[in-house]
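Please walk through this structure step by step. Start with the annotated spans, then turn to single residues.

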Amino acid sequence: MTTTLHRPPSLAVERDAAPIPLSRLTRVELRKLVDTRAGFWLAASVGVISAIVVIAMLIADRQSLGHLNFIEFFAMMNIPISTILPVMAILLVTSEWSQRNALTTFTMEPRRERILLAKLGVALIAGITAVVVSLTFGAVANVVAGLIYGDPAGSWEFTAAALINSFTLQMLWLLVGFGFAALILNTPGAIVAYFALPTAMSLLSELVPWFKNNLAGWVDLTTTSVPFQSGDWAAGGEWSRLTVSAVIWVAIPLTLGVMRVLHTEVK
């Protein structure tokens, strides 16, 4: 008597089922970014803090007789957003592990690399949105300043370098937070690492002259990003220094973090 082995129907369904589209995963991750209470208030605080900065700059501009222009307002708008955006990226990565929802997520989509790719896509969207928000608030502030000081046209001087520099820095610091989050997989730990480690590096640069003169210009991301905070094109050497520091602060933590997410046991 011959026994024929048949593949269980459940396995056949699992193998033949179509994968969840990456676009749908991205939409889900984008919704997660603002669905939680912490994420919602962080997103809302971007608008609130930006409005406060605009008011403060307009008051300061009154003392300087209205000499601020669009590019200066835009640059100042980037400061609060560049602080909040990486924290949102950290919450996007760590919330599932801190709240133990990772098991549900990876059950629905076992290929963890697709989840990470969707999260990175959301980070890119958030970075672009941050630049657009900075442009919007900067334009509003410039219009108001022009009306207050009798020059409705205002000063709209702006350069492509300012836009590219802003986007580069926003994405770099966002990816620093993303990498620390993937590497640590704990919200408080990742936030502390994001704020403490660059600060410690800057303090080391100030306290140790040898480090400041020889290494800080290559390994300290805060130092290498300074030339990109202006509206002028950075020189080739400045891009080289930024690239080296980005490898240390972005590429290495992000690579190790991705490896950890892909292989860590979900409990």
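The UniProt record, an unreviewed entry, places the feature "transmembrane region" at residues 40–59, 71–94, 115–148, 160–184, 191–211 and 242–262. UniProt positions follow the numbering used here, feature names are shortened, and annotations may be inferred rather than shown by experiment. This is a predicted model: local features need pLDDT of at least 70, side-chain atom pairs count only at pLDDT 80 or more, and totals for chains, interfaces and linings use all residues. Residues are numbered from 1 along each chain as its sequence is written, and side-chain values use heavy atoms, with hydrogens and water left out.

Take two of these spans. Residues 160–184 are 100% helix and 0% strand, and their end C-alpha atoms lie 36 Å apart. Residues 191–211 are 95% helix and 0% strand, with end C-alpha atoms 26 Å apart. Helices (H or I, at least four residues) and strands (E, at least two) are DSSP runs, numbered from the N terminus.

Now look at Thr 187. It belongs to helix α8 (residues 187–207). Thr 187 counts as buried because its relative accessible area is 14%; buried means under 20%, exposed over 50%, partly exposed in between (1.4 Å probe, protein chains only). Which residues does Thr 187 contact, leaving aside its neighbours within four places in sequence? They are Ile 90, Leu 91, Thr 94, Ser 95 and Ser 98. Contact means heavy atoms within 4.5 Å.

Gln 229 sits in the loop between α11 (221–224) and α12 (236–263). Its relative accessibility is 53%, so Gln 229 counts as exposed. Gln 229 and Asn 165 are 64 residues apart in sequence, yet 6.7 Å apart in space, C-alpha to C-alpha.
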